Amino acid sequence: MPGTAVITGASAGVGRATACAFADAGWDLALIARGADGLAGAAADVEARGRKAVTYQVDLTDWEAVRTAAREAEAHLGPIDVWVNNAMSTIFSPIRDIDVEAFHRAVDVTFFGQVHGTLAALELMRPRDRGTIVSVGSALAYRSIPLQAPYCASKFATRGFMESLRTELIHENSGIRVTQVHLPAVNTPQFAWCRNNLDEHPMPVPPIYSPDVPAKAILEAATTAPREKVVGSWNRMLVLVNKVMPGVLDHFAARSAWEGQQVDGTKAPDTDNLYEPIDDAPGTDRGAAGRFGDQDGGVLDPAFLKTLPQTVATVVRAITSRVREVRGDDHRGRELAPGAPTVDAG
């Protein structure tokens, strides 16, 4: 039954859409994020749906602040039944161009933000021996792509952390449930907010989904607690293929996900929210959706369907390149030096 839920990263994007989905289902909400104006907008969305909302302007990398917000949320709204770890950041960049301090910061937000949220939730849920912790992950927790190394690494690490926690809760015969929801590419403001070292504006790799799609999946996972849920048929296919032919997908991602993450001819954003929020001042609230609403119909969106012939051609080239690699040529088809190491056929 609906009760009290906490959502981190609630000021915009998937977190904002998830807050609305929970409110529509009758939940009262504690909303955690950094941007004051975005939080105010999220609270207004929840209250417009007839539910209570409290907000906490907290950086998820600050453990004591997260812990305090969790306790205050319980004091205001009652026992926390669901905690949704959603806050994230990323850097659109080749690894060679990422400042080490910035790399640490992106991982702190995306990975340790989930660790801190989970630990705060466990402190409150353990005495009652009930509650559900939802980790918002990504298909990139299974299949890395270029230009988002900090994000991919964080999602891989989060999946490992949550799976380890799940085994410990099973060992303890705990009533607390852990579930992971792995998202597809989503049309959110992050592509105008996150740090970008590229010349052009970043974009999600199609197929792109509306934020309402993962929001519904997160709500469902909070109430049914599957071990994990991969959202989007295209992403379920990629996760499956990656188990069988990861080497082919290395070559496919190298070709498709580089240009596929950049809007041709569009200038990159001048500001980012890696260290400070950019939805803080009045009038800066961005809501749930980003600028790619004309392409967010998922696998059936006409914009994505038009790319399928090119995608098939890219797959063929990736298979050919991988075969050459296994055979002892490099990825450009040149023969490797005698005695050079080869790789397995996966």
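The structure holds six aromatic pairs, and the model is a predicted one.

**Exercise 1.** Classify the aromatic pair formed by Phe-22 and Trp-27, and state whether each residue is buried or exposed.

Solution. Step one is the geometry: the ring centres of Phe-22 and Trp-27 are 5.4 Å apart, with 65 degrees between the planes. Planes over 60 degrees apart count as edge-to-face, and the pair of Phe-22 and Trp-27 is edge-to-face. Step two is accessibility. Phe-22 has a relative accessible area of 0% and is buried; Trp-27, with a relative accessible area of 5%, is buried.

**Exercise 2.** Classify the pair of Phe-111 and Phe-161, and determine which helices the pair ties together.

Solution. The ring centres of Phe-111 and Phe-161 lie 6.4 Å apart and the planes stand at 85 degrees, so this pair is edge-to-face. Next, the two residues are placed in the chain: Phe-111 belongs to helix H4 (residues 100-125) and Phe-161 to helix H5 (residues 149-171), so the pair ties together parts that are 50 residues apart in sequence. Finally, the accessibilities are read against the cut-off of 20% below which a residue counts as buried. Phe-111 is buried because its relative accessibility is 14%, whereas Phe-161, with a relative accessible area of 22%, is partly exposed.

**Exercise 3.** Describe the packing of H4 and H5 by axis distance, angle and handedness.

Solution. Two packed helices are described by the angle between their axes and the distance between the axes. The axes of H4 and H5 come within 8 Å, and they cross at roughly 20 degrees. Angles under 35 degrees count as roughly parallel, so H4 is roughly parallel to H5. The crossing of H4 and H5 is right-handed. The contact includes Phe-103, Ala-106, Val-107 and Phe-111 on the side of H4, and Tyr-151, Ser-154, Phe-161 and Leu-165 on the side of H5.

**Exercise 4.** Carry out the corresponding description for helix H9 (residues 246-259) and helix H11 (residues 308-327).

Solution. The axes of H9 and H11 come within 8 Å and cross at roughly 130 degrees. This angle makes H9 oblique to H11. The crossing of H9 and H11 is right-handed. Among the residues that meet are Gly-247, Val-248, His-251 and Phe-252 in H9, and Thr-311, Thr-314, Val-315 and Arg-317 in H11.

**Exercise 5.** Which residue lies over the face of Tyr-142, and which residues do ring pairs link into a cluster with Phe-92?

Solution. Arg-159 lies over the face of Tyr-142, at 3.9 Å from the ring centre. Phe-92, Phe-191 and Phe-292 are linked into a cluster by ring pairs.

Key:
Residues are numbered from 1 along each chain as its sequence is written. This is a predicted model: local features need pLDDT of at least 70, side-chain atom pairs count only at pLDDT 80 or more; totals for chains, interfaces and linings use all residues. Side-chain values use heavy atoms; hydrogens and water are left out. Rings of Phe, Tyr and Trp (its six-membered ring) pair if their centres lie within 6.5 Å; planes under 30 degrees apart count as stacked, over 60 as edge-to-face and the rest as tilted. Buried means under 20% relative accessible area, exposed over 50%, partly exposed in between (1.4 Å probe, protein chains only). Helices (H or I, at least four residues) and strands (E, at least two) are DSSP runs, numbered from the N terminus. A charge sits over a ring if NZ of Lys or CZ of Arg is within 6 Å of the ring centre and within 35 degrees of the ring normal. Axes are lines fitted to C-alpha atoms, for helices over the stretch in contact, and angles run from 0 to 180 degrees between N-to-C directions. Angles under 35 degrees count as roughly parallel, over 145 as roughly antiparallel, 65 to 115 as roughly perpendicular and the rest as oblique. A crossing is left-handed if the near helix is turned anticlockwise from the far one by less than a right angle, and right-handed if clockwise. Contact means heavy atoms within 4.5 Å.
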